[in-house]
Amino acid sequence: MDISGVIDYLIGFAIMAMIYAVFALGLNVHWGFTGLFNIGIAGFFALGAYTAALLTSPPPDPDQFEDFIFGGNLANQGLLDLGVDAWFFLGLAAAALVCGLVALIIGTITLRLNDDYLSIATLGIAESVRFFFLNEKWAANGSKGLYRIPKFLGDVVAPENYDYLYVVVALVILLILFAAVQRAVRSPWGRVLRAIREDEVTTAASGKNVFHFKLQSFVFGAMIMGIGGALFAHHVRFLSPLTFDPLLATFVIWAMLMVGGSGNNLGAVLGAFVVWGVWAGTQFLPGVFSDPSFRLLMIGVIIVAIMLLRPGGLLGEWRRIVASRPASAAVRDSTDPG
Amino acid sequence: MKNSPPILQVRNVTKDFGGVRAVDRCTLSVTPGTITGLIGPNGAGKTTLFNLVSGALAPTSGRILFEGQVISGLRPHQTFARGLIRTFQIPRELKRMTVLENLMLVPARQSGERLWSTWLTPWNVAREERRIQAQALDVLELVNLAHLANELAGNLSGGQKKLLELARTLMADPKMVLLDEPGAGINRTLLRDLSTNIVRASVERNVTFLIIEHDMRFVMTMCDPVIVMANGSVISEGTPSAIQRDPQVLEAYLGGRISGPA
């Protein structure tokens with residue numbers, strides 16, 4: 001393999017790792033900071049990806065898509081004639097909004113109840129979304145899937161250079177989301193979320209409306225996941241319901257957060273690169289070791305190793321340290337004869 | 001002061017847990033500005049009454065009024081907003097947050113609690129954070145925990161966690177504080193400091209206290225009046241010295257009759 005081939009491979013790897021890092025950030029808002037047990041990431045993944053794809057894809061070819069009536073066309077039907085590249089960003093925003101709306105509905109129903117109900121609901125939604133797109137052919141071509149999802153700036157950039165552009169797009173969006181999440185969780189808003197994670201009763205007794213904050217966290221995290229789904233759609237450019245199986249769209253993201261460090265945004269991003277590195281790297285192993293089952297086993301081994309050796313993940317939770325005031329030191333010295 | 005209308009009124013409140021009646025047609029009132037003691041044998045319903053007043057539980061029947069307005073049925077964050085704050089008998093500190101953060105959580109209406117403010121007006125949030133942090137450090141010095149400001153609250157000793165519970169109430173600027181056994185597990189010297197702080201808050205900031213406590217020396221020197229509960233209802237109320245002479249109280253504490261059909 002020559003050098004440019006290696007670089008191309010690494011670029012493709014970085015794009016996927018960064019897309020997964022977006023999901024890990026969203027899950028970090030849910031689980032790492034608020035303690036919301038979302039085991040249906042795949043649902044938001046799929047909703048985000050399909051929303052972006054349906055809004056930007058070219059009109060379906062009637063010869064190939066006899067049942068498919070909705071698909072993609074808002075960008076191409078003159079409804080809002082901005083060109084497909086502006087629709088890329090509208091698709092991103094719409095993916096976030098759709099996921100946020102679904103999270104608002106599920107959250108309003110389940111977040112007042114015991115924690116377990118949210119988990120069950122997220123799991124249920126993930127499967128419902130998958131089966132909806134599988135069975136309702138009119139919506140997104142059923143099991144045959146959506147393809148020809150357009151590239152961002154596809155008219156300008158040569159096909160062989162698309163990944164070089166897209167790695168920058170993914171990086172910029174990841175950085176923006178990272179900054180937004182980081183700012184939010186290190187502010188009083190994030191402090192309330194972490195308090196809820198630690199003890200809801202104390203948080204309520206400190207005057208915070210626990211339900212409202214949990215709902216905000218759930219919606220915010222889901223919107224981030226929606227953006228991740230949209231980024232995925234324009235990278236892979238083919239979607240079918242099979243893409244969103246619980247293994248690669250939920251479990252792997254949990255593994256990333258656990259490995260990197262729950263409650264630490266840098267850890268979430270690092271975990272995405274490490275776990276995706278293991279998943280992608282093991283395909284080069286010889287013989288039976290490159291089987292998907294073995295590769296998955298390796299992720300399991302890494303989780304167990306991390307849990308045993310560094311239970312907080314590679315990067316533990318960040319802790320705010322304040323300088324103690326000179327005055328307090330003086331008081332302490334005067335009261336402590338030792 | 002004695003003639004002012006009660007700040008807290010509990011009217012004929014009952015709370016059932018399945019077949020167990022934890023609070024039984026309980027009626028009491030607390031005069032503003034007082035440090036009122038609430039004593040009674042184990043299982044008398046004192047902590048359940050705190051849970052009812054603070055909104056952690058809703059009464060099965062009866063009404064609770066705070067400053068003349070019905071608060072029974074409100075949720076805990078709503079009673080907090082009215083100016084009522086409570087501590088927990090078994091400390092419920094936020095374990096994986098620092099001692100300082102445990103306190104900085106408490107002040108109400110922080111602009112940084114709005115998600116969009118953290119992005120759009122970070123300078124306002126930062127200014128407010130500096131003010132709240134300074135206030136929290138002051139409170140920590142008051143309860144002798146300043147040297148532990150950066151420690152995770154889960155690593156504190158039992159007594160230090162009790163102090164942190166008290167410190168939380170000092171962050172809130174409340175009208176009334178419900179303290180559930182503040183003295184348990186705290187050494188004598190610290191208990192004296194704690195009493196001083198309670199009296200100071202009561203006098204200087206006109207905060208009303210309702211205190212559950214088993215340490216009789218603490219109750220008899222700090223509290224006036226003292227309310228005695230047994231079997232879910234109030235059996236006596238009066239000055240500490242009057243309570244100590246009340247035969248009903250002695251009976252309840254020294255193993256008297258069993259009420260109801262045996």
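Chain A has 13 helices and two strands, where helices (H or I, at least four residues) and strands (E, at least two) are DSSP runs numbered from the N terminus. The model is a predicted one, in which local features need pLDDT of at least 70 and side-chain atom pairs count only at pLDDT 80 or more, while totals for chains, interfaces and linings use all residues. Residues are numbered from 1 along each chain as its sequence is written, and chains are lettered from A and ligands numbered from 1 in the order in which they are written.

Of the 338 residues in chain A, 46% are buried; a residue is buried if 20 or more other C-beta atoms lie within 10 Å of its own, exposed if 12 or fewer, and partly exposed in between, with C-beta atoms placed from the backbone. Among the contacts in chain A between residues at least 6 apart in sequence, 76% join residues at least 24 apart, a contact being a pair of residues whose C-beta atoms, placed from the backbone, lie within 7 Å.

Chain B is divided into domain 1 (8-93 + 173-253) and domain 2 (97-155), with bounds that come from an automatic or database domain assignment. The C-alpha centres of these two domains of chain B lie 28 Å apart, and four residues of domain 1 are in contact with six residues of domain 2.

The largest nonpolar core has 175 residues, and those with the most contacts inside it are A:A21, A:A24, A:M256, A:A272, B:L140 and B:A167; such a core is a set of buried Ala, Val, Leu, Ile, Met, Phe, Trp, Tyr and Cys residues joined through C-beta atoms within 7 Å. Helix 9 (residues 210-236) of chain A gives the most to this core, with 15 residues. Domain 1 and domain 2 of chain B both give residues to this core, so it lies between them. Not counting residues up to four places away in sequence, B:A167 touches B:L103, B:V139, B:L140, B:V143 and B:L145.

The contact between the chains takes 37 residues from chain B and 32 residues from chain A. Helix 2 (76-82), helix 3 (99-104), helix 4 (115-120) and helix 5 (122-142) of chain B each supply at least two residues of the side of chain B that touches chain A, and the largest share of that side, five residues, comes from helix 5 of chain B.

In the loop between helix 3 and helix 4 of chain B lies B:P107, which counts as partly exposed because it has 19 C-beta neighbours inside 10 Å. Leaving aside its neighbours within four places in sequence, B:P107 is in contact with B:I132 and B:M171.

Helix 7 (residues 188-204) of chain B has 17 residues and should span 24 Å at 1.5 Å a residue, which agrees with its end C-alpha atoms being 24 Å apart; the expected span is 1.5 Å times one less than the number of residues. In this helix of chain B, B:L191, B:L194, B:I198 and B:A201 are buried. Seen down the axis of helix 7 of chain B, the buried residues fall within an arc of 85 degrees, so they line one face of the helix, the arc being that of the directions from the helix axis to the C-beta atoms. On the other side of helix 7 of chain B, exposed residues include B:R188, B:R192, B:R200 and B:E204. What covers the buried residues includes strand 3 (35-39), helix 6 (158-170), strand 8 (208-212) and helix 8 (216-222) of chain B.

Methods
Contact = placed C-beta atoms within 7 Å.
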